[in-house]
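Dear colleague,

I am handing over a structure that will be new to you, and I would be glad if you read the notes below with the model open beside them.

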4 protein chains.
Amino acid sequence: MTHTVGVLGATGAVGQRLIQLLDPHPEFEIRALTASSDSAGKPYRKAAKWRISTPIPEDIAEITVAETDPGAIDDDIDLLFSSLPSSVGERVESDFCEAGYVVSSNSSNQRMAEDVPLVIPEVNADHLGLLEVQRDERGWDGAMVKNPNCSTITMVPTLAALDEFGLSRIHVATLQAVSGAGYDGVTSMEIIDNAIPHIGGEEEKMESESRKLLGGFDGAELSIHDATVSASCNRIPTLDGHLENVWAEFEEEATVEEAREAMESYEGIDLPSSPDPLIKVFEEPDRPQPRLDREREDGMQISAGGLRESGTGLQYNCLAHNTLRGAAGASVLNGELLAEQGYL
Amino acid sequence: MTHTVGVLGATGAVGQRLIQLLDPHPEFEIRALTASSDSAGKPYRKAAKWRISTPIPEDIAEITVAETDPGAIDDDIDLLFSSLPSSVGERVESDFCEAGYVVSSNSSNQRMAEDVPLVIPEVNADHLGLLEVQRDERGWDGAMVKNPNCSTITMVPTLAALDEFGLSRIHVATLQAVSGAGYDGVTSMEIIDNAIPHIGGEEEKMESESRKLLGGFDGAELSIHDATVSASCNRIPTLDGHLENVWAEFEEEATVEEAREAMESYEGIDLPSSPDPLIKVFEEPDRPQPRLDREREDGMQISAGGLRESGTGLQYNCLAHNTLRGAAGASVLNGELLAEQGYL
Amino acid sequence: MTHTVGVLGATGAVGQRLIQLLDPHPEFEIRALTASSDSAGKPYRKAAKWRISTPIPEDIAEITVAETDPGAIDDDIDLLFSSLPSSVGERVESDFCEAGYVVSSNSSNQRMAEDVPLVIPEVNADHLGLLEVQRDERGWDGAMVKNPNCSTITMVPTLAALDEFGLSRIHVATLQAVSGAGYDGVTSMEIIDNAIPHIGGEEEKMESESRKLLGGFDGAELSIHDATVSASCNRIPTLDGHLENVWAEFEEEATVEEAREAMESYEGIDLPSSPDPLIKVFEEPDRPQPRLDREREDGMQISAGGLRESGTGLQYNCLAHNTLRGAAGASVLNGELLAEQGYL
Amino acid sequence: MTHTVGVLGATGAVGQRLIQLLDPHPEFEIRALTASSDSAGKPYRKAAKWRISTPIPEDIAEITVAETDPGAIDDDIDLLFSSLPSSVGERVESDFCEAGYVVSSNSSNQRMAEDVPLVIPEVNADHLGLLEVQRDERGWDGAMVKNPNCSTITMVPTLAALDEFGLSRIHVATLQAVSGAGYDGVTSMEIIDNAIPHIGGEEEKMESESRKLLGGFDGAELSIHDATVSASCNRIPTLDGHLENVWAEFEEEATVEEAREAMESYEGIDLPSSPDPLIKVFEEPDRPQPRLDREREDGMQISAGGLRESGTGLQYNCLAHNTLRGAAGASVLNGELLAEQGYL
């Protein structure tokens, strides 16, 4: 069955990636695009500066962009994908939910709210049950589900796979691509021949979101995982693909071989955009690498490698395409999960 | 007083940096340059493909390059700086010491030998006393002192400053510049728009060298520091300057403010090439950055920043110019220390 | 009909691109791979350091690499693609032709020989008739056809389209990607934050090859086009895609609009790997750009843009993927042409 | 003698470079800094995001930034350097001149006005005489002198040197660094692994400014040089240093050797910031290169190389540091010329 969908914040970096994914999608059909009032009323091809190397889909190019306002789009849209900047999302996403829309959002606002499911379908699809609580509490006909931050998504599937050994303590250092900051987020003068050891708010997001994602849901309430997570985030001169160095400590002992098997065999729910397998584990010590591995499985696979012992635990590297798996693709997966579980 | 010096392996990346530092040096006068047999017999300007942005010093350009062999250079050279590849250094450096030469070496061979002092003058100048043991055991008239690996040097001064709180456990992730691999070490196809989460042998070097540098010397024997060190090393598309994310845990509690003071006030021996202060601590959370900070104090200063609490300890970033502070400058400092302590 | 093919020099940068193109090719089936004696006897997956972001095809990975020698491969191979280094090609390609093999070669040796067709199928497919002359003169059962240098291919289709106005004089400046020099051709220390205004032999190749390609063939002899061509070649920090600035002067007057139409309507022979259209002409003044446009039509299309008047002629920019359209894809197109015209 | 100076537009990329040059300058003493009203009233260290690798000068850091308005700064400032954005400069620079200030401006507005001298001191110091005409016509006590665009400055000294052979026709392709667009001018997403064959208005500036600079001044009026100039401008992923490929045709014949001598011996007026020699000519065919040569003579020298015959003329490459020689340093040189010729 096909569902009609819209994209809130369709002109930005993640918005363009959403269109790239949704246009050929077998289950979704784009009917609405919104952007800021500067762009409203223009055909999409004029409103957006298209910067993806595959051409802008022709039918999408002619859609007239609407204001980002519940009154400005059709009632009969089944699902909205939101890639709004956090401050804008904070202000308007709830309005859409109140007006009855189901929203799958990449925007960072409200991710940690107690009644908002933060979901990676392969990891914690069961958290979607929280939508009942959400609707009760907020009196919404619509619903809001969030995907986590790109740097969080890169790491959490590997941690979820290893949680069978009882995660107790995580250190993670990130090497993040410039696209994570949006098209204008990092100037060339800042990053060529350089690296920046700070991304505002990123470490806090990784630490809190990871523990929510790895936590349990008893049908009424979420519990937070009690592992500690400490992150150090860096921007480097790479276009796409976040690479992360992880140290994991466990309650039980885990060998390199057991960890590899746990990652390779880790499976979640199977959705149209799911990669197979979810996690590719390299034996070559110098993989994964952003440029070589970010496009695996249409940019939806998590790659891991360099598994080795490290004093009191294990050490490894992981990688994902930050605007596909880590943003637009994450929202699409959540949309597919909403469809499959009957929320549309 | 001026000492006559020579450079072993003068045509490589670190060799060129050594010449850049030694040519204007007030205490040293270059009298000999050696390289592989391909280059021997040629004037230096023809033997070396000079790639530093300051021009090749004119008097150096005309020196005839000798073979890397004790018989090929003058007897009356007070001090040799070695930037030989490790495998070559392994083979020939001891021959020079046996022939009576004092060698300050950047080459990684023998760094962990029990009777070879591995020295950062500001951190463990007292380890130089090990040369008496070395001469006794090896029957040398000459002597061999080593400086550590560039990624180790970047971190150890900050750790030494913090050891007043009792270092117990270190995690470190590195973002290393391409010059650390030599001029031909990393191809452009490997690293543009990419990062490589593996540098052969680098993690082991950081782990073992750090503990040797931070250890004590009782006049007869070295003791290794008992902190654990776990490193994760990455190559990124930056020309010069290694950036590192450090997590440090302590036996005693250390606040951010105490740690800052410890770093800012940390002082070692004062030599001609010493930076002042040894460690610059930034308050801006996004500093240090390789391109902005690697040239501080002629490339000899260690920069730190981003000091913050991290669960059971502290977290911070540090940076140093890898071919100056981390290699050529490190060897020059050790040469200055040898001069000051009467070994020349 | 399917033809059996082999790749000479299969482990290098262009060799890997050839395998990427030939493995899924409907008309060609890879039966032999050759490389230097270091690699001979090993399965391809061990002989080649695969660096393309799509995985190495599984069946190809297990092929045993042969020596690059006519005696080392099967007799019944219909067509050999050669991506041998020029000096090696110079030595052995003729041996293959003499042994009866038909060779479509990207190697730069013999490109300017009077009896060797230098072909871009869309531009001068008729030059293939020169093979009769070649076989007569050299007494070969086999045959040798060459494609031009990557920087030449980028420009010549646009010039061919404009030759209806009578090309008289060409100036061209190139901004060439590092992959054009092979995987190890340009080190990261050479090119990050830099540009190099010299590529050995490249300007001469562009000048001579262009005039041969644009020349006529009367069934017996080639004539060289009498336009003058002056090139200035630069290497820049781009991975793939050569961008070129062209100034063209004509015997007859040509308006911007006429030039655009000439390019857009320019058509050549239609082969399985031909792009459609051959030349994409952008109206946006800042296109084409290497990263945005090099993958168009599977990397086989020529892009042009920035058409404008320029004193005594016209000015424009053009771009092609240098290892696809400009090398491996060029050889594959020539192989398809050989098949279509009955040479296999 | 020391002159008091101010900087209009002191917080931008060129403004920071101006401060870097003026702070240690023997003849100039900074007394005033202006910026937009957002910054006015703040100490400079807070108003500017300092991004040069040498630290912000301490005394400058504490200067209170003023509004860019003649009423907001002291009357007794001898000379103002302007690095205002063109649109702002268009609006306010004349106000400063009318209020009696002498302005040396890098802002592109009014460069082509008939009574505004556009000056590179080594090339056309005599054009400064036009200030008499300017003051007559505009009734100013102050005066306005302009330096050309960075890409123009890179090329014109070499052309001036060659004009003894009678320049008739110039083609030039540029490879321009990102700093030429200001700190925020080029995003990392636009330029990493890419090149952009268009810089708005740049080609027109190179064409018109070059002919004005190379023209004559008869004491009353300027004449424009009658050579034709055709430019093709590209942005590449380089931080600083514009590299240009030039083809020059002449009325008289010029050999490579004569051209080299003309460039090497070309001298202009000698000012405190003048490089010596003005033009460095490399014999190595692969020089100049941006990273290796942009810092020559404190970033004030023009480098040339690759001199070779080219059909009807000569071909060569040239390079200059675009924000030093090409912008801030160009304005400082003009300030020095104004001082030497008694205009302050």
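This is a predicted model: local features need pLDDT of at least 70, side-chain atom pairs count only at pLDDT 80 or more; totals for chains, interfaces and linings use all residues.

**Salt bridges and chain contacts**

As a general point, side chains of opposite charge can pair when their charged atoms come close.

**Chain B against chain A**

How many residues of chain B are in contact with chain A? There are 44 residues of chain B in contact with 44 residues of chain A, and the area buried between chain B and chain A is about 3,200 Å², with carbon and sulfur atoms giving 46% of it. On the side of chain B, the residues D193(B), P197(B) and R291(B) supply 20% of the area that this chain buries against chain A, which is more than any other three residues.

The rule finds six salt bridges across the interface of chain B and chain A, and a salt bridge joins the side chains of E203(A) and R308(B), at 2.8 Å from N to O. Across the interface of chain B and chain A there are also 34 residue pairs in polar contact, both residues being at pLDDT 80 or more. Several elements of chain B give two or more residues to the side that touches chain A, among them the strands β7 (167–176), β8 (228–235) and β9 (242–250) and the helices α8 (188–191) and α11 (290–293). The largest share of that side, five residues, comes from β7(B). Sorted by class, the side of chain B that touches chain A holds 19 nonpolar, 14 polar and 11 charged residues.

**Chain A against chain C**

For the pairing of chain A with chain C, seven residues of chain A are in contact with seven residues of chain C, and the area buried between chain A and chain C is about 840 Å², of which carbon and sulfur atoms give 57%. Here S53(A), R291(A) and L292(A) supply 44% of the area that chain A buries against chain C, more than any other three residues. Between chain A and chain C the count is zero salt bridges, and the rule likewise finds zero residue pairs in polar contact across that interface, with both residues at pLDDT 80 or more. The residues on the side of chain A that touches chain C divide into two nonpolar, one polar and four charged.

How are chain A and chain C related by rotation? Chain A is superposed on chain C by a rotation of 180° with 0.0 Å of shift along its axis, at an RMSD of 0.0 Å, and the two copies are thus related as by a two-fold rotation axis. The same surface serves both copies, since 86% of the contact residues of chain A recur in chain C. Of the residues of chain A, D193(A) comes closest to the rotation axis, with its C-alpha at 3.4 Å.

**A domain record for chain A**

Finally, an unreviewed UniProt entry lists residues 4–131 of chain A as "domain: Semialdehyde dehydrogenase NAD-binding". In the model, the end C-alpha atoms of residues 4–131 of chain A lie 21 Å apart, and this span is 29% helix and 18% strand.

With best wishes

How values were computed
Residues are numbered from 1 along each chain as its sequence is written. Chains are lettered from A and ligands numbered from 1 in the order in which they are written. Side-chain values use heavy atoms; hydrogens and water are left out. Contact means heavy atoms within 4.5 Å. Buried area is the accessible area (1.4 Å probe) that two parts lose on being put together, summed over both. A salt bridge is a side-chain nitrogen of Lys or Arg within 4 Å of a carboxyl oxygen of Asp or Glu. A polar contact is a pair of N or O atoms within 3.5 Å; within protein, one must be able to donate a hydrogen and the other to accept it, and residues adjacent in sequence count only if both atoms are side-chain atoms. Ala, Val, Leu, Ile, Met, Phe, Trp, Tyr, Cys and Pro count as nonpolar, Asp, Glu, Lys and Arg as charged, and the others, Gly among them, as polar. UniProt positions are given in the numbering used here, feature names are shortened, and annotations may be inferred rather than shown by experiment. Helices (H or I, at least four residues) and strands (E, at least two) are DSSP runs, numbered from the N terminus. Copies are superposed by least squares on the C-alpha atoms of residues with pLDDT of at least 70 in both.
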